[in-house]
Amino acid sequence: LASAAYDHFLTCGDDSALQLAIESYHAALNLFHEGCPEWKDTIESLINVFDRRILLSRDPSSVRDCIALRRKLLAATVDHERALSIDHLSNLLYTLYTQAGDSAALNECIQLRRELLHLRPDGHHDRGYSLNQLANALNEWYGHSGDTTTLQEAITLYRAALELRPEGHTDRRYTMDGLGHT
């Protein structure tokens, strides 16, 4: 039912179908033990529905709901999937900060992005991305708090990301943009 309601929403744009999909996925979650494959599939489907709602509505309550689901999923995530789960959660926390000014969300985002950077050491193919994401969050924290130590750390991280994103790299412009706004 949840999947059919979501498909109907995607086809017709009917908000009541989106709400029915959310309610149905929530009901389905109660049928499974937390962490089992069916539970994980269901929670990921529910997260996808919330992701769509967030894109359409820019409603902080939807972001908070999705954050709660991402936290549950992270708690049940095995080690080799942890980095991706942390990345998704930190991005939602960053979104909550930008939409609602929730400084606790930004603080948690920074903590998670530090953990993510630890999971992506030198030589990891996503290290440049992780450096840039942490620098972005620290730059926001500087804007919020005025803490110049945070600003200096953001600059250092942007420079490290630039080393991993040489001239011609498709993501270099994002790092240059971030560094330019510090």
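This is a predicted model: local features need pLDDT of at least 70, side-chain atom pairs count only at pLDDT 80 or more; totals for chains, interfaces and linings use all residues.
Let me start with one residue. Glu81 has a relative accessible area of 29%, so Glu81 counts as partly exposed.

First, the overall picture. The protein chain has 9 helices and 0 strands. If you read along the sequence, the pattern is α-α-α-α-α-α-α-α-α. Taken along the principal axes, the C-alpha atoms fill a box of roughly 50 × 35 × 30 Å. The chain has 182 residues, and 40% of them count as buried. As for contacts between residues at least 6 apart in sequence, 47% join residues at least 24 apart.

Now back to Glu81. Which residue does the side chain of Glu81 meet in a salt bridge? The partner is Lys40, with an N to O distance of 2.4 Å. Lys40 sits in helix H3 and Glu81 in helix H5, so this pair ties together parts of the chain that are 41 residues apart in sequence. Lys40 is partly exposed as well, at 21% relative accessibility. The cut-off for buried is under 20%, so Lys40, at 21%, counts as partly exposed.

While we are on H3, a word about Asn48. Helix H3 covers residues 37-57, and Asn48 is found in it. Asn48 has a relative accessible area of 45%, which makes it partly exposed.

H5 runs over residues 79-100 and H6 over residues 103-119. Their axes are 8 Å apart, and the helices pack at an angle of about 155°. That angle makes H5 roughly antiparallel to H6, because anything over 145 degrees falls in that class. The crossing of H5 past H6 is left-handed.

What makes the contact? On the H5 side the residues include Arg82, Ala83, Ile86, Leu89, Leu93 and Tyr97. On the H6 side they include Ala105, Leu106, Cys109, Leu112, Leu116 and Leu119.

Arg114 pairs with Glu153, and their closest N and O atoms are 2.6 Å apart. Arg114 is in helix H6, while Glu153 is in helix H8, residues 148-164, so the pair links parts of the chain 39 residues apart. Both ends are partly exposed: Glu153 has a relative accessible area of 27%, and Arg114 has 37%.

One more pair. Asp126 and Arg120 meet through their side chains in a salt bridge at 3.9 Å, N to O. The limit for a salt bridge is 4 Å. Is Arg120 buried or exposed? Arg120 is buried, with a relative accessible area of 5%. Asp126, on the other hand, is partly exposed, at 26%.

In total the count comes to 7 salt bridges. Among them are Lys40 with Glu81, Arg114 with Glu153, and Arg120 with Asp126. That is what I have for today.

Note on methods:
Residues are numbered from 1 along each chain as its sequence is written. Side-chain values use heavy atoms; hydrogens and water are left out. Axes are lines fitted to C-alpha atoms, for helices over the stretch in contact, and angles run from 0 to 180 degrees between N-to-C directions. Helices (H or I, at least four residues) and strands (E, at least two) are DSSP runs, numbered from the N terminus. Angles under 35 degrees count as roughly parallel, over 145 as roughly antiparallel, 65 to 115 as roughly perpendicular and the rest as oblique. A crossing is left-handed if the near helix is turned anticlockwise from the far one by less than a right angle, and right-handed if clockwise. Contact means heavy atoms within 4.5 Å. Buried means under 20% relative accessible area, exposed over 50%, partly exposed in between (1.4 Å probe, protein chains only).
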